[in-house]
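These are my notebook entries on one structure. I looked up contacts, cores, sheets, disulfides and salt bridges.

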Amino acid sequence: MPSTGHRRRFLKASLAGLVLAIVAMLLDLAFPVPLPDARDAGAVVLSSDGTPLRAFADRGGIWRYPVTLDEVSPLYVEALLTYEDRWFWRHPGVNPLALSRAAVQWVRHGRVVSGGSTLSMQVARILDPPAGGSRTPWAKARQVLRALQLEAHLSKREILTLYLNHAPFGGTIEGVEAASWAYLGKPASRLSHAEAALLVVLPQAPSRWRPDREPEAARAARDKVLARMATLGEWSADVVADARIEPVVARSLQTPRHAALLARRLRHAHPGERRIVSTLDIDLQRTLEARVASYFSDLPPRTSAALLVVDNATMEARAYVGSVEFADAERLGHVDMVRAWRSPGSTLKPFLYGLAIDDGLIHSGSLMVDAPQSFGDYRPGNFDAAFRGPVSAAEALQLSLNVPAVDLLDRVGPVRFAARLAHAGIDLHWPRGASPNLSMILGGTGARLEDLVGAHAALNREGLAGRVRYRPDAPTADRRLLSPGAAWIIRDILESNPRPGTTDSFDASGRARVAWKTGTSYGFRDAWALGGTRSHTVGVWVGRPDGTPLPGQYGAVTALPLLFEVINALPRHRGDADASPPPPGVASIDVCWPLGGAFDPDAPGLCRRRLDAWTLAGVVPPTAAERGARLWSAGIERFDVDAVTGERLSADCSRPHERVAASVARWPALASPWLSVAERRAARLPALADDCVDDGRGGHENLRIEGLHDRATLAMAPGSKNALRLSLRAIGSDARIRWLLDGRLVGDSIGSRRFEHDFSEPGAHTLTALADTGAWSKLGFRVLPPD
């Protein structure tokens, strides 16, 4: 049984231990471990393979790329622990033998010869740097206490991870991952033996041994680590010999800045994350950033551009260029034009035509009229001011003709069209007080490049539009925009449009088939090009972020060439160059103009033009009736004629006639000026017999141009400096008259009011007066060049 003295000594020791424990707890509470504040930490945005796109410094301007122990090369960890702290996994934070050795050396030499610091003590010094230097006895004592405190609160892996992320590597670089990318251009997971040894020794003297400034000194320090590894038998002599041969080659310290605007966007969207992985392909991103910078180097000042590439299968972004140059203040490079609201020009037209096909309003060969028309107070014109008369729906979409598109939207309904787009994820921006209207199909609304790319992807995704995803864990948001059949027809129409500089829609080189569409906003403020292959969808925008005009720059000239450059640079996928068969419900048939229906072999006289067309679900809609007070619309006109004279008979004739049923296929009235003589003659009703009461079906207004004779030759008077200005009138209609010179709208007038125009352009010309009713008159003339 223990004696009384032993019990007293035990109680005193226990009491002293308890007091020490309480004091330690109080000190721990009073002086907590200064662990890094995650809110004050920087962040790094990565490409899909882990390559840094852009790093964000912390509040102190330090660059770190967060990394875990498992993401660092085992070679580095092995060399670090062998060189710096062989007993790391066993000691409690301090190594008594190393500290004793350091103390003896300090007493013997009067200065610090070796520090004796463990990795835990080094982490303590990094987290709580001493004010008077780290080599004084008091600083060492403080490190010891902090190291013990760290060991009490954190696991060994957590302490080692703190070192991996906070060790100094020169300049504003901290952490092995940031150093590996900054100096070596690779992740810390792929270090060689020599590279691992270099990064192990660098924190000991980061200023003196920076490999980008002092490569020889860095090499000597590295070789010390290699020698230690060989001496202790951690690495074989052959491995170390090979590592010594490897030169020290380091890049100058430059923080990465790829996809800078997307990185900023992701950083703001996920402020608590230090390591943000994106979906971008780093190789493609670098290539396209360089291509965009080179492509737009000669554009006018303040011009910017945006580019987005999306994988159709996943809707993940593969490349994101928000501006020409992020740091270019003159081009407003800090403005992200991928997500900016801009006028979409004609880029919404494919969805309108697809919706009309789904509604059974048109097929690809439907007859449409590209002629001057009014829709209430709205009078759209084409980009080139020319009109082409009767065109198919496919041709109207390929040529991006404005009047047919506005006419089609008038039939579909702007509100319904906007609702369908919104349901598919295409949000549109309207000026204050405005609502969906006919101008939206020509750019009279606001849209974002990323939404347009997500919508155009539907053409290669069986009609499913999608929200572009910028992170692998982003949710999928697919919405039905078109039926699979309508999407296929629209894609086929756009793919059949020849690439610029070619005459055929497809070539023998095996290049990808591209369904492409351009757009230009009013006043040359926005130039667009969107295109899709089976595997990718690409969107390009060019303009000025401040919204000022960019004269002479439009989609087909400015944005489209870059679109095809990008598509040609994309990885090739199986099926990109192959035609896909039509889905169920889509069929090719022969249709006839002007009626628009399927060819009827029993009525060949009603078919004036025959062409191929894609139809959906067996629906072959006829040519739509014209709007407004037209003289007639497309359709079959049935009547009786005299069997002998061929004259038309009304229901009330004073003489007996042998009646025979007859019919003609009528073209839309506004198409008449563009028809051939034979087509106009075939569509004209025969003259009414003079003994019959007028049936009101003649449908003719005798429009005549006054002030200029057909086949006239004009010349300016000798020595005259005045323009060849003529005053003309259209006689025979009270309606609005559109005046077209060589197919281009040059003005309008009302009824027989005078129209004045300069006709000084030398050469042969055609002048057409076209009334809103469909009445028209045409004449030709020649202007002689001035002497």
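This is a predicted model: local features need pLDDT of at least 70, side-chain atom pairs count only at pLDDT 80 or more; totals for chains, interfaces and linings use all residues.

Residues are numbered from 1 along each chain as its sequence is written, and side-chain values use heavy atoms, with hydrogens and water left out.

I then looked up the nonpolar cores, each a set of buried Ala, Val, Leu, Ile, Met, Phe, Trp, Tyr and Cys residues joined through side-chain atoms within 4.5 Å. Buried means under 20% relative accessible area, exposed over 50%, and partly exposed in between, with a 1.4 Å probe and protein chains only. The largest core has 78 residues, and Leu308 is listed with Tyr353, Phe417, Leu421, Ile441, Tyr470 and Leu481 as having the most contacts inside it. Helix α18 (residues 484–495) supplies the largest share of this core, seven residues. A second, separate core of 54 residues includes Ala55, Ala79, Trp181 and Val225.

For element names I used DSSP runs numbered from the N terminus: helices are H or I of at least four residues, strands are E of at least two.

**Entry 1: the five-stranded sheet.** Which order do the strands of the open sheet take? I read β5-β4-β12-β11-β10, with antiparallel pairing; two strands pair if DSSP finds at least two bridges between them. β5 and β10 (515–520) are the edge strands with a single partner each, so one side of each has no neighbour in the sheet. The twist from one strand to the next averages 5°; axes are lines fitted to C-alpha atoms, for helices over the stretch in contact, with angles from 0 to 180 degrees between N-to-C directions. Four bridges join β4 and β5 in the antiparallel sense, and Val309 is opposite Ala319 in β5.

**Entry 2: salt bridges.** I counted a salt bridge where a side-chain nitrogen of Lys or Arg lies within 4 Å of a carboxyl oxygen of Asp or Glu. The structure holds 40 of them.

- Glu316 and Arg469 form one at 3.5 Å, N to O. Glu316 lies in the loop between β4 (304–311) and β5 (317–321), and Arg469 in the loop between β8 (464–466) and β9 (478–480), 153 residues apart. Both residues are buried.
- I also found Glu316 and Arg469 in a network of salt bridges with Asp311 and Arg318.
- Asp223 and Arg222 form another, at 3.0 Å, N to O. Asp223 is buried at 16% relative accessible area, and Arg222 is buried at 1%.
- Arg448 and Asp427 form a salt bridge with their closest N and O atoms 4.0 Å apart. Both lie in the loop between α16 (414–423) and α17 (449–456), so the pair ties together parts 21 residues apart in sequence. Asp427 is partly exposed, at 39% relative accessibility.

**Entry 3: disulfides.** How many disulfides does the structure hold? I found two, taking a disulfide as a pair of cysteine sulfur atoms within 2.5 Å.

The sulfur atoms of Cys592 and Cys607 are 2.1 Å apart, and this link is left-handed, with -85° about the S-S bond. Cys592 is in strand β13 (residues 586–593) and Cys607 in the loop between β13 and β14 (609–616), 15 residues apart. Cys592 is buried at 6%, and Cys607 is buried at 14%.

Cys653 and Cys692 are joined with S to S 1.8 Å. The torsion about their S-S bond is about 100°, so this disulfide is right-handed. Both cysteines are buried. With the bonded cysteines numbered in sequence order, the pairing is 1-2, 3-4.

**Entry 4: strand β25.** In β25 (residues 776–783), Ser777, Leu779, Phe781 and Val783 form the covered face, whereas Trp776, Lys778, Gly780 and Arg782 form the uncovered one. β19 (residues 712–714) runs parallel to β25 and is joined by three bridges; Leu714 has Val783 as its bridge partner. β24 (residues 763–771) runs antiparallel to β25 with eight bridges, and Ala764 is opposite Arg782. The hairpin of β24 and β25 has four residues between the strands, and Gly774 takes a positive phi near 105° there.
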